[in-house]
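Hi,

Here is the structure I promised to send over.

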Amino acid sequence: MTAASEARALFAARFGHEPAGTWSAPGRVNLIGEHTDYNDGFVLPFAIQHRTHVALGPRADAVIRVVSTFDDAAVELDVARLDAVFPAERETVAEWARYPLGVAWALLRATEVDPATVPGIDLAFASDVPVGAGLSSSAAIEGATAIALTETWGLDLDRVALAQVGRTAENEAVGAPTGIMDQMASMLGRRDAAIFLDCRSLDAVTVDLGFDAAGLALVVIDTNVTHAHSTGGYRERRAACERGAAALGVPALRDVSEHDLERLAGLVDDTTFRRVRHVVTEDQRVLDAVRTLREQGPTAIGDLLVASHASMRDDFEISVPELDTAVEAALDAGALGARMTGGGFGGAAIALVTRDHVDAVTDAAHAAFAASGFAAPTVFTVAPSPGAARDA
Ligand code: ADP
Ligand code: MG
């Protein structure tokens, strides 16, 4: 069963009637530009074919109720209570339900709509985005909810505003201090293209990838090591970036050039220095990747992916042995480039390969994991795909 029909079936089974419609939003992979988003820098993600679908139906009262194939229990809240619950009492809501209910809250706040005027709604979610794999199932559930509620409630928000609503929900209603990249990719995705995003201005430009025409495929190697963004390592990296920017007297690491790094060396400890060096060089690699894609096409970006991985492994220290093994195995098996993608501490690696190398890279990843005593990875290809929309 597809995730869209699963959402409809879940809706019918739990609520006893057919939904009014289904909407969906994709997960994403980030081609390059990691931990640059909250530093006001550059990223180059694309939406993937894996999507979270939501089946929606109106209610006669003013209750918002959510269910998901992900969790047995339904969660209900009066629309009028959203403002009391978020963010102060968010702990009273089951964690997964903070994503969709947080989006409802953030949507009404962004549009200054009086919750008392909003009709209740039932939402049923199903997804084929792997959760916690670094493919942003969180942005997918936020994006699906945001577009479904916006169209149903007749709100007037463009796609960039909907991405911001998703981020607000994730930051304030869930409590995960993430950037805007995932939501922008999920809202703005295009077939066969990436989104070159300036995270300061939120200017987003579509960059053709041309994987098909070049005979390339993008392989995802999900290590099945789950990460937890809301905790430890992610916050520490953000704090180090803020320390680096403060030491140089700039608003964000976006404003630091590779040349400035010499000056920084005397101002901060070695760990902070390396954290900053990752972000500054990664911003430059995103700019280089965009130029290379435009001038030479996708086969020429492999070395930038490899350099990005080395920087995350050695300077930002967010890789894990499983990710390093996936990257090395892919490169040994003939990938043009490979790197971990997403926030790190687990999740997935990506490998850019010619189509005739997909099987060899897949086999090599499985063999390398087995040889290291790691649990088997999940390996699949992703295609640059359209963003959030009502399902046909
Ligand atoms: P990632 O975005 O990398 O997949 P996150 O930790 O950011 O990982 O988000 C995963 C969380 O999002 C899940 O633990 C769950 O709370 C929520 N979530 C994602 N997809 C769904 C879904 N289809 N149904 C319910 N909750 C979901
Ligand atoms: Mg996420």
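Let me start with one residue, A351. Leaving aside residues up to four places away in sequence, A351 touches V219, I221, A330, A335, A338 and V361. Keep in mind that this is a predicted model.

A351 turns up again when you look at the nonpolar packing: in the largest nonpolar core, which has 114 residues, A330 and A351 touch the most other members. Helix α3 (residues 95–111) is the biggest giver to this core, with 10 residues. Both domains take part, as the core draws at least three residues from each of domain 1 (3–206) and domain 2 (209–382). There is also another core, lying apart from that one; it has 8 residues, including C241, A245, V256 and V279. As general background, nonpolar side chains in soluble globular proteins tend to be buried together.

Now for the domains themselves. The protein is divided into domain 1 (3–206) and domain 2 (209–382), and their C-alpha centres lie 26 Å apart. How many residues does each domain put into the contact? Domain 1 gives 32 residues and domain 2 gives 38 residues.

On the domain 1 side, β1 (21–30), β2 (42–43), β3 (45–58) and β7 (193–198) each supply at least two of the residues that touch domain 2. Sorted by class, that side of domain 1 has 17 nonpolar, 11 polar and 4 charged residues.

Cheers

Key
Residues numbered from 1 in each chain as written. Chains lettered and ligands numbered in written order. Predicted model: local features only at pLDDT ≥ 70, side-chain atom pairs only at ≥ 80, totals over all residues. Core = buried A, V, L, I, M, F, W, Y, C linked by C-beta atoms within 7 Å. Buried ≥ 20, exposed ≤ 12 C-beta atoms within 10 Å, placed from the backbone. Helix = DSSP H or I, 4+ residues; strand = E, 2+ residues; numbered from the N terminus. Domains from an automatic or database assignment. Contact = placed C-beta atoms within 7 Å. Nonpolar A, V, L, I, M, F, W, Y, C, P; charged D, E, K, R; others polar.
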